[in-house]
Amino acid sequence: MSAQQNRTGDGADVWSGAPGPHRGTPLQGWMNLLGVRISAVNLETATSRILRAIARDEKGYICIRDAHGVIRCQQDAELRRIHNEAFMVTPDGMPLVWSLRQAGHKTADRVYGPDLMLQVFDQGRAAGVRHFLYGTTHDILEKLSDSLTRQFPGAQIVGTWSPPFRELTPAEQDEVARRINASGADIVWVGLSTPKQELWMARMRDRLRPALLIGVGAAFDFHAGMKAQAPRFIQRSGFEWLFRLACEPRRLWRRYMVTVPSFIGLVIAQKTGLRAFPIETARIGGLPAPDPAPHPE
């Protein structure tokens, strides 16, 4: 695959941001942001894609991505590959939304993990969607399950699992796969920290029967009432990172002092053609990546 062009599974051209007269061409379905495939979706279209995938028994995993995660992908080729082979990579953060809109995706909007979880629980009831919750502690899983079933009567939570705070042994991986597969779940919601949840989804994907694995990180803590979310107007402002930094300064100050200037600088380099960010993967969205077509004139 050339550094200048990549393609989506449905044949839409995607340009890498490398220097050339066609840089910045509006994209169909997703865009290349610093070498990471970001889906051009909003909350409604992302939910629709998820429910359609379940109905068709399509298999994949979904990454909920913010600017910090995109920057982590710059230093970690394996993590970048995992994102680019995902069923969908949603824009969880206004800087990603602004980048999508500037690339021509005018209807793209933030798909925040906690909001997506609630939306799918709500709309999935009519189709009898079955949910499995994986991550965090037993106590938080109980509170989360109670909260979700109170908000959405009729929602089906068919299993939960609280993993140890370490790597699973092969025997434990076997048991997790057996438990999830026996549950009959359609979705596994994964509430681990990043990049643990993305690595877990990619490693376990082929062993699990549920259609989709969705990594939502802190959504478990938010919906269980363990952590406060930023007010909606702050979420929409692009400065949610400041709210989080104020809440957890010791844990997050290094992250944001690196992420914010790095993201801005690399986006400028991509937009001006000073640096190319090709998507290098043999598979896109879980499907083999087709060979690039000749550059259209």
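Which residue caps the N-terminal end of α3? Select Asp 76: one of its side-chain oxygens lies 3.1 Å from the backbone nitrogen of Glu 78, capping that end of α3.

Before moving on, note that this is a predicted model, in which local features need pLDDT of at least 70, side-chain atom pairs count only at pLDDT 80 or more, and totals for chains, interfaces and linings use all residues. Residues are numbered from 1 along each chain as its sequence is written, and side-chain values use heavy atoms, leaving out hydrogens and water.

Next, select helix α3, residues 77-84. Helices here are DSSP runs of H or I with at least four residues, numbered from the N terminus. Color Leu 79, Ile 82, His 83 and Asn 84: these are the buried residues of α3 (buried means under 20% relative accessible area, with a 1.4 Å probe and protein chains only).

Go to helix α6, residues 138-151, and pick Ser 145. Ser 145 counts as buried because its relative accessibility is 14%. Look beyond its neighbours within four places in sequence: Ser 145 is in contact with Leu 133, Ile 157 and Thr 160 (contact means heavy atoms within 4.5 Å).

The crossing is right-handed (the near helix is turned clockwise from the far one by less than a right angle).

Finally, show the side chains there. Met 117, Leu 118 and Phe 121 of α5 meet Leu 144, Leu 148 and Gln 151 of α6. By class, this contact has five nonpolar residues, one polar and no charged.

Technical notes. Buried < 20%, exposed > 50% of the residue type's maximum accessible area, 1.4 Å probe, protein only. Helix = DSSP H or I, 4+ residues; strand = E, 2+ residues; numbered from the N terminus. Polar contact = N/O pair within 3.5 Å; in protein donor to acceptor, adjacent residues only side chain to side chain. Nonpolar A, V, L, I, M, F, W, Y, C, P; charged D, E, K, R; others polar.
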